[in-house]
Amino acid sequence: MRRLGSMLVGNEAARRRRGARLLTWTTALLLSAGPGGARTTEFCLEGLFDIGVRHQGLRAGVSERTPTTWCVVTEDDGDRVVYRASGKVNPDLDDSWAVAYPAADVVRIVNRDDPPDVEFRGVEVAAAEARRVRRLDPRRLAEELESRGGVIPDLDIELDAGRIAWVTSRASFPLRGEVPVVWRWRWDDPAAPRASLTVESEVVFEASGRWRELAAEEATALWQLSGGVAPIEAPAEQWPARVAMRRIDLDAHTFLVRGVRTGFQHLVVDTEQGLVVADAPAGWVELHHLPPRDLVGGLGVSGLSEGLIDFLEAEAPGRPLRAVALTHFHDDHAGGARAFAAAGAEVLAPADAADFLDRSLDRAPAPPDRLARSGGEVSVRAVAEPLTIGERRPVTVLPMDASPHVGDQLGVWARDADIFFVSDVHVPVDEEPRPRTGRERTECWFAGWATGHLGPNTRVANSHSAVTTPVSRLREIAASPTCRGLTAAR
Ligand SMILES: [Zn+2]
């Protein structure tokens, strides 16, 4: 799973212990499987999902509908659940992933194609999460409703002839505020019900469902560890995302804050006017949960960025927050901007997104955050021309052309350290001069842009990986057969 990749680096010790654990786990699984007979059922929803729902908020008229499959496997006689999905996890990346909940306090990331699995044990929220995912299957939801005497907390359910017809809940999105989330089920064909998922009156997923009974062998295999090897163990508190901020100095007044959450880092430049930060982070809303799960670690819309600001206050005591540069409008990069406004920072954004962000971030009802408590509001400044802040320790916020990822983006150039920070258009997994598989279009575009706009000695840092890339290597990427082929095809 993408967001977990970075956390696994350095877990070699766990890999080496796998032999010893294998026996324990095989035994445990055999014991817990019980005698055969009970049914294991897979329910899959296949359709078109608008991934823009996650990050576009109120931006009207832009749809990013993409083929998506969500499957949930459940058992008649137990609470174990497997969730599988495939589709786009962001505008550049097709992916598929699976998460199993094999016990009440265990979450396992299933890596069938690339074992071992990753397992979080002692996760307090695992059982509740498994239950929310299990409700994707409308028959399981109906069973649960009956067993609970017709009431499930935070879900408003309407039945039609004993079948689930409407399920209404609410969720808070960074750029939408708190809005209704509604599942509607249609049963013209009882074996293949149709679902539509609506967020704030916008249909974001239309799909049809099918059930399949798993044969005993397949059902048993489902709970076995991928490749028959012991999983990498990850600490319980790292599920679903780890917030463990630490400072990586690049020079005397330029640093990265790594571990803002799993797979997210941010550039900070201490100019003589105050700190300039790249991006204002916020978490996801998981729509395959009923009700949708809260944002990262229950931190709400602004909590993650408020935590980043607290970290900066401890690291650079007394330094004012001069500005936050939102590299692009996706809510995992821009959704925490209210926290920066509350701390007195100017909010800078790409020109084509500034109005949208300005409206969205001040939306009523406001999330219960520091900005709401102070009665302040967000005013977003569009950056259409290069904007330099500071003279002795300058940073330049640089508009980039429209990228395939999202439209206008900003890069943040720490001039003394000669580090150029970007989000989502360049996420190298290592130091090889090639675009990342599955994201060639966007990464080749950026390699070409960097070649034309940045000096050869500048190094590019990015929001999602620890690798920095010299522009000289980006030139090699731009000249690679893959990228040249894409340019020629355009
Ligand atoms: Zn993005």
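What follows is a tour of disulfides and then salt bridges.

Before you click on anything, keep in mind that this is a predicted model.

**Stop one: the disulfides**

How many disulfides are there to look for? The count comes to 2 disulfides. Numbered in sequence order, the bonded cysteines of the protein chain pair up as 1-2, 3-4.

Select Cys 44 and Cys 71 to begin with. A disulfide joins them, with 2.0 Å from S to S. Now colour the strands: Cys 44 sits in strand β1 (residues 40-50) and Cys 71 in strand β2 (residues 65-75), so the link reaches between distant parts of the chain, 27 residues apart. Look along the S-S bond of Cys 44 and Cys 71 and you'll find a right-handed link, with 110° about that bond.

Next, jump to Cys 444 and Cys 483. Here the disulfide has an S to S distance of 1.9 Å. Cys 444 belongs to helix α13 (residues 440-453) and Cys 483 to helix α15 (residues 481-489), so this pair ties together parts that are 39 residues apart in sequence. Is the Cys 444 and Cys 483 disulfide left-handed or right-handed? The torsion about its S-S bond is about -75°, so it is left-handed.

**Stop two: the salt bridges**

Clear your selection and show charged side chains. A search of the whole structure turns up 29 salt bridges, and we'll visit a few.

Pick Glu 144 and Arg 135. Their side chains meet in a salt bridge, 2.7 Å from N to O, and both residues are buried.

Then go to Arg 170 and Glu 178, whose closest N and O atoms are 2.5 Å apart in a salt bridge. Are these two buried or partly exposed? Arg 170 is partly exposed, with a relative accessible area of 47%, and Glu 178 also counts as partly exposed, at 39%.

Now select Arg 370 and Glu 306, a salt bridge at 3.8 Å, N to O. Arg 370 lies in helix α12 (residues 370-374) and Glu 306 in helix α8 (residues 303-315), so the pair ties together parts 64 residues apart in sequence. Arg 370 is partly exposed at 31%, while Glu 306 is buried at 11%.

Last, select Arg 39, Asp 76, Arg 140, Glu 143 and Glu 213 together: salt bridges that share partners join them into one network.

Technical notes:
Residues are numbered from 1 along each chain as its sequence is written. This is a predicted model: local features need pLDDT of at least 70, side-chain atom pairs count only at pLDDT 80 or more; totals for chains, interfaces and linings use all residues. Side-chain values use heavy atoms; hydrogens and water are left out. A disulfide is a pair of cysteine sulfur atoms within 2.5 Å. Helices (H or I, at least four residues) and strands (E, at least two) are DSSP runs, numbered from the N terminus. A salt bridge is a side-chain nitrogen of Lys or Arg within 4 Å of a carboxyl oxygen of Asp or Glu. Buried means under 20% relative accessible area, exposed over 50%, partly exposed in between (1.4 Å probe, protein chains only).
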